[in-house]
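Colleague: Please present the model, and then let us discuss how its two chains meet.

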Amino acid sequence: MTPRKLLVTGLLLASFVVHGQNKQLLYDFIEIPQAAMINPGVITDFQWYSGVPTLSGISFQAGSSGLSVNDIFANDGLDINDKIRNRAIAGMTPRDELSGTFQIEILNFGFRGRNPDNFYTGGMYLEGDAIGYWFRDYAILAFEGNADRLNQRFDLGHLKTRGEMVNVFHFGVNKKVDSDLTVGLRGKLYSSILDFNSTRNKGFFITREGQNNILESTVNADMQSRSSGFNEVRNAVDDGNVGGVLAKRAFFGGNLGLGLDLGFTYQLGEQTVLTGSLLDLGFIYHSNDVFNYTLNGDATVEGVEIILPDAVSNPDTDFWQDLVDEIEGFIPFESNRKNYIAFRPTKLYASLRYNFGEPLDSRANCECGLSASTNSIRAKYTNSLGGQLYMINRPRGPQAALTAFYQRRFGNFMALKTTYTIDKFSFTNLGLGLNLQAGPVNIYAMADNLLSYRNIADSRYASFQLGLNIISWGKK
Amino acid sequence: MKGILKYFLFCSVSFALLSSCVEDQDFGQFDQIELTPTYEASMLYIEAPETLVNDAPTNIVFTQNFNFDAFSSDVFADRVLDGTVTYIIENTTSKELSIIVEFLDAEGNVLDIENFDIDPAPTATLQRDIAYGDTGRSIEIIKNLSSIRVSTVNESDNNSTSNQADAKIILKSSGKFRVQLK
């Protein structure tokens with residue numbers, strides 16, 4: 001297999017292995033410390049916890065909303081070119097996407113402050129995120145061309161993509177305001193390793209009947225791509241020093257940014273809980289190793305045009321070169337190294353949970369629970385049922401997902417959460433999360449889109465998350 | 001602790017593998033993907049007024065080489081498979097004219113010749129499609145095309161004038177070519 005085939009196959013495989021960015025299984029799974037990463041205002045009863053470095057939180061997600069590997073590579077006897085034409089070019093829209101993300105926690109810790117109502121968290125994680133929308137009109141031009149498509153307008157805005165790799169340092173505080181309300185705030189410092197985006201493209205290409213000649217070709221373009229970090233990494237590949245350069249850029253040697261996470265948990269009643277969080281409200285300022293490209297302008301050509309007798313007054317005139325120069329003058333392809341700001345893909349979570357069944361004894365180091373006189377920390381119940389909303393800001397506007405969940409706790413040593421999620425990728429997404437607490441050792445694992453395992457090649461996404469922590473509740 | 005994690009991972013992966021299926025996939029189909037779009041655009045437009053025909057000292061109204069490197073550039077020549085060049089000639093002059101279009105390579109050698117004999121106005125419109133590739137002339141002509149020589153010969157008198165306003169002879173042309181991108 002050639003490297004190109006490996007790359008294409010890998011990308012397609014990735015599209016069914018994992019998906020999107022929604023962590024609906026982890027959200028509000030309060031037994032797991034990493035739940036605080038997606039709601040800084042989550043209820044915590046730990047005295048302290050520490051993630052096992054690099055193993056405390058691993059998640060890998062990706063998705064393809066319009067196509068699966070099976071759609072193209074199934075051994076079904078059909079011509080692959082017909083499958084691409086029918087299922088990709090004709091079957092997908094410019095709103096379909098191929099997206100993916102990964103997150104690896106390098107360090108994650110949390111501890112309760114002198115004021116027991118305050119819980120602090122901090123750490124560092126590496127995150128990669130990319131999305132590319134289906135560039136349908138470019139695909140039509142590449143697969144079929146513009147012939148016999150008179151007056152069809154090819155939309156250059158179909159090129160819409162962004163991606164980044166960033167190391168995130170974070171520190172946050174979770175504060176129990178009163179017995180009903182817990183709020184959280186987390187500050188983030190982003191150290192960008194790589195970034196690219198080309199999301200504000202406009203314009204078209206069209207072939208029409210010519211005014212003079214047979215055909216008239218028009219390009220109207222307002223396009224740009226911006227990137228940072230790639231040149232340095234490319235040079236590092238040549239020098240055999242990729243690791244060193246990536247580490248340098250991950251630790252403040254690249255481009256820096258600031259961000260904020262907010263969240264809350266509010267008890268609507270003894271057994272009803274409302275939560276919400278807003279994540280990655282931030283930006284990165286790119287000024288290091290920046291390369292931008294632009295294509296702006298408008299040109300209409302009808303081939304080489306010669307109007308006699310004036311045109312031959314200078315016999316040395318090179319009409320072809322004049323035409324090329326004219327087009328390049330009207331639509332210059334230029335590069336620059338201007339600094340730019342890239343906003344992070346902001347995410348919103350919200351949930352409404354109803355707890356019922358047997359109350360559980362709290363492990364928290366407090367006088368709490370149903371029978372406690374102060375009742376500063378609410379009791380957990382064996383069952384929880386509810387709904388969640390997830391939204392993420394994407395280049396083509398917000399994407400949303402709705403989740404219904406049921407959580408079952410087996411004492412304080414095990415908890416299961418099942419979810420049913422609908423979003424643009426699937427209406428049949430069932431997920432399952434498991435949390436195990438063996439003494440101080442906490443292990444969790446979660447998988448998504450379980451029905452797709454019937455034929456994993458036909459899945460448009462799946463995801464997994466797992467992690468390992470040490471937790472103390474401070475009780476002797 | 002690592003032992004616990006290994007055991008946990010082993011169980012999780014084993015469960016996932018045992019409970020999942022994959023229908024037969026053939027990734028070798030990648031080699032069968034054909035990216036052979038067809039592109040079309042105008043090539044050359046020449047317009048000459050009737051006065052140019054009448055004022056020519058001989059019956060050769062004009063003959064001129066025009067540089068045309070669009071097809072000989074590597075990005076096109078290495079990929080073109082076949083195609084068609086379409087000519088449309090409109091004559092609103094009062095003259096019967098012959099137009100000769102010659103494709104020349106970089107050394108000035110003639111690769112291809114096309115002759116058009118066109119009647120005077122008002123019935124003088126002519127369209128011709130010339131195929132290149134497997135079903136037509138050699139595609140090497142297109143790959144090596146570097147310039148186009150156009151000659152116009154007046155086959156009639158040089159003093160009559162057309163009764164049509166703004167009488168002229170017009171040569172239009174376009175190319176439609178299939179290229180192999182993969």
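**A sheet across two chains**

Modeller: Strands (E, at least two residues) and helices (H or I, at least four) are DSSP runs numbered from the N terminus, and two strands pair if DSSP finds at least two bridges between them. This is a predicted model, in which local features need pLDDT of at least 70, side-chain atom pairs count only at pLDDT 80 or more, and totals for chains, interfaces and linings use all residues. Residues are numbered from 1 along each chain as its sequence is written, while chains are lettered from A and ligands numbered from 1 in the order in which they are written.

Colleague: Which residue of S1(B) is the bridge partner of A:Glu305?

Modeller: S14(A) and S1 (residues 38–49) of chain B run parallel and are joined by 4 bridges. Within S1(B), A:Glu305 has as its bridge partner B:Tyr45.

Colleague: Which element gives the largest share of the side of chain B that touches chain A?

Modeller: Counting contacts as C-beta atoms, placed from the backbone, within 7 Å, 46 residues of chain B are in contact with 51 residues of chain A. The largest share of that side of chain B, 11 residues, comes from S1(B).

Notes
Contact = placed C-beta atoms within 7 Å.
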